Structures are given as structure tokens and as C-alpha cells.
Amino acid sequence: MFRFFLVKKWFLWSWLGSFIILSSLWVQVKIDVKINEWFGKFYDMIQKALGKPNSITISEYWESLFSFISLAGLYVSVYVIVSFFTAHYLFRWRSAMVEWYHSVYEQASKIEGAAQRVQEDTIKFSRIMESLGTSLIESIMVLFQFIPILLGLSVGIPIFFFGDWQYGLITGALLWTLGGTIFLIALGWILRLVGIEYDLQKKEAAYRKLLVIAEDDGSVRPKKIEELFDDVRSIHFLSYLRYLYFNIGRMAYLQANVLSAYVFLAPAIVAGVVTLGVMQQIIRAFGRVEGSMQYLLKAWPVIIELASVYKRLREFEALIIEDNQITRENEKNISN
């Protein structure tokens with residue numbers, strides 16, 4: 001799966017491409033920081049205007065809106081370019097994978113579900129990596145940028161449970177997100193979600209293979225096909241039930257999460273020690289830090305799918321290598 005980074009042919013795309021994507025994501029995060037600063041200034045201006053009529057001019061108001069449009073336009077431009085380049089980058093990664101599979105397909109074709117592994121799983125792997133990989137890197141970058149900002153904004157502000165402690169907001173965000181993430185990881189492990197996804201794909205592969213055989217062999221239908229589809233139906237219904245339990249816990253936590261920043265800021269808001277602009281900056285920075293910490297939590301269903309795809313491809317490659325070794329040993333024994 002990772003020959004993309006080892007084969008000389010793909011070095012330019014794999015290593016230079018990775019650098020370009022990382023640099024572009026860093027630019028996106030820096031723009032996001034500027035947008036957060038804009039929110040603070042804009043809401044302070046709104047509070048000033050509403051508290052005292054005509055305290056700001058209409059030109060100042062339009063100028064503030066235009067500055068946001070400029071930042072948003074730059075963010076959108078970078079995002080679109082990065083997304084376009086990343087799609088090409090990951091298709092090259094997929095190409096590197098399938099090139100090797102094609103070169104050993106004589107052996108690979110003997111393995112059950114080989115066509116599905118080479119075609120379906122490689123495209124799934126690249127598509128999931130497109131969304132999941134870049135999101136993970138961006139989340140890490142957001143933490144590096146927004147944690148110092150949140151620390152600076154929370155100095156001297158009373159925080160629920162933590163009082164005037166400077167690190168109260170960061171600690172609160174960490175405890176809340178880690179608690180939720182550990183809870184959902186444990187729930188996913190208890191419900192065996194990765195295993196159920198893997199079993200689901202195996203049943204689908206067996207059903208698909210028999211359908212292909214049935215195109216030429218009338219003796220396998222309809223009874224044998226129906227029997228296999230019953231297995232497919234059973235595993236799907238089981239997955240629906242387990243994801244129902246998982247989604248109850250996941251969505252309950254995410255809905256409670258909406259109020260978390262307001263809970264921690266309750267003493268400061270009631271005491272009136274923060275302006276509307278500073279409150280908006282804190283809430284947005286808190287949300288970005290918390291959102292990055294909750295990366296695993298929010299992306300859990302996709303992570304489960306990626307883990308299942310990775311498991312299937314790794315198993316497939318291991319079988320190919322094992323078959324190659326057996327073939328070589330047999331050839332060696334014949335020659336001797």
C-alpha cells in the first residue's frame with residue numbers, strides 16, 4: 001500500500017506532493033486565525049454601535065465586511081486548489097498500488113475477491129485518505145495555532161470549575177473531548193464495529209463472486225444465490241443495529257458539545273468581564289481547539305471503514321507474497 005513513497009517513479013508526486021499539500025494546509029490554518037481575529041473586532045464594533053447610536057460610520061461597517069470577504073475569498077481559493085491537487089495526488093497513490101497488483105495478478109487472481117480488492121478497495125482507500133488524511137493534518141495544525149490564542153484570550157477570565165486558572169479553558173476542552181473520545185472508542189470496541197465492517201465486505205465479496213459465476217453457470221441459481229444473499233442481509237441488519245447503538249452515544253455527546261464553551265464561560269459572561277467580541281473570539285477558538293481534539297470522535301465512522309479497507313488490502317498483499325514464496329520454492333524444488 002505504501003510503495004508510492006518507496007518507488008523512484010513516484011518520488012516527485014509522493015514527496016514533493018506531500019510538501020505542497022502540507023504547506024497549503026498551513027496557509028489555510030493561518031487564514032483561519034486571521035478570520036478569528038476579524039470576528040473579535042467585528043463583534044466589538046457591533047456592541048459599540050448598538051450601545052451608542054452613530055458611534056461608528058457606515059463606511060467603517062462596510063470596510064469591516066469587505067475585509068472578511070477578502071479573507072474568505074483567499075481561504076476558498078486555497079481550499080479549492082488544495083482539494084484539486086490532493087485528488088490528483090491520491091489517484092497517483094492508487095496508481096502505484098494497482099501497478100503492483102497488476103504485475104502479480106497471475107497469482108493474485110487465485111485469491112478470493114481479488115477483483116474487488118484491486119478495483120473497489122483501492123478506490124475506497126484513496127477516497128477515504130483524501131478526506132481523512134488532510135483533515136487529520138489540518139486538525140494538528142489548528143491545535144498548534146489556536147491553543148496559544150485561546151491561552152492569551154482566557155487570561156484573567158473566570159472559568160467554570162477552574163476559576164481564574166490560566167489553563168482552565170484548555171484543560172476543560174481537553175477533559176471534555178478526551179472523555180467523549182474514550183467513551184465512543186470503547187463503545188465502538190464493545191460493538192465490534194471494525195469487525196462487523198470487515199465481515200460485511202467478506203459476505204458482499206462472496207455474493208458478488210457467485211453472481212459473476214452465475215452469468216455462465218445456470219446450476220448455481222437461484223437457490224445458492226439466495227442463500228448467499230441471506231448471509232448478506234443478516235450481516236447488514238446486524239451492522240444497522242450496532243450502528244444504532246453507537247450513533248445514540250455519538251449524537252448525544254455532539255449535541256451536548258454545543259453548550260460546552262458557554263458552560264465554561266458562564267462565570268465570565270454573568271460577571272460581564274468580557275466584551276461580545278472577545279467572547280466570540282474565545283468561543284470560536286475554543287470550538288476550533290475542541291473540534292481538532294474531537295477529530296477521532298467525529299471521523300469515527302470513516303476511520304472504521306478505513307481500518308476495514310486497510311485490513312483487507314494488507315491481508316490480500318500478504319496472501320500474494322505468501323503465494324509467490326510458495327511458487328518460488330516449488331520451482332526451486334523442481335529444478336533440484
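Predicted model: local features only at pLDDT ≥ 70, side-chain atom pairs only at ≥ 80, totals over all residues.

Residues are numbered from 1 along each chain as its sequence is written, and side-chain values use heavy atoms, with hydrogens and water left out.

**Whole chain.** Colour by secondary structure: the protein chain has twelve helices and zero strands, where helices (H or I, at least four residues) and strands (E, at least two) are DSSP runs numbered from the N terminus. Of the 336 residues, 42% are buried, a class that means under 20% relative accessible area, with exposed over 50% and partly exposed in between (1.4 Å probe, protein chains only).

**Cores.** Select Trp93, Tyr101 and Leu150, which touch the most other members of the largest nonpolar core, a set of 58 residues. Such a core consists of buried Ala, Val, Leu, Ile, Met, Phe, Trp, Tyr and Cys residues joined through side-chain atoms within 4.5 Å. Among the elements that give two or more residues to this core are H1 (11–51), H2 (58–103), H4 (114–153) and H5 (168–190), and H4 provides the largest share, eleven residues. A second, separate core of seven residues can be picked up through Leu187, Leu193, Tyr243 and Ile304, which are included in that core.

**Salt bridges.** Asp32 is buried at a relative accessible area of 5%, whereas Arg284 is partly exposed at 23%. The structure holds two salt bridges, and Lys9 with Glu99 forms one of them, with the closest N and O atoms 2.7 Å apart. Because Lys9 lies in the segment before H1 and Glu99 in helix H2, this pair ties together parts that are 90 residues apart in sequence.

Select Gly277 in helix H10, which is buried with a relative accessible area of 0%. The C-alpha atoms of Gly277 and Tyr43 are separated by 4.3 Å, although these residues are 234 apart along the chain. Then move to Asn54 in the loop between H1 and H2, where phi is positive at about 65° although the residue is not a glycine. Most residues other than glycine have a negative phi.

**Surface.** Switch to a surface view and select Phe160, Phe161, Val258, Leu259, Tyr262, Val263 and Ile269, which make a nonpolar patch of about 710 Å². Patches are made of residues with over 30% relative accessible area and no salt bridge, like charges being joined within 9 Å and nonpolar side chains (Val, Leu, Ile, Met, Phe, Trp, Tyr) within 5 Å. Phe161 sits in the loop between H4 and H5 and is exposed at 71% relative accessibility. Finally, Lys202, Lys203, Lys311 and Arg314 form a positive patch, to which H6 (193–214) and H12 (300–335) each supply at least two residues.

Definitions and conventions:
Areas by Shrake-Rupley, 256 points an atom, 1.4 Å probe, with all protein chains shown as cover. Salt bridge = Lys/Arg side-chain N within 4 Å of Asp/Glu carboxyl O. Lys, Arg positive; Asp, Glu negative; His and termini not counted. Charge placed at Lys NZ, Arg CZ, Asp CG, Glu CD.
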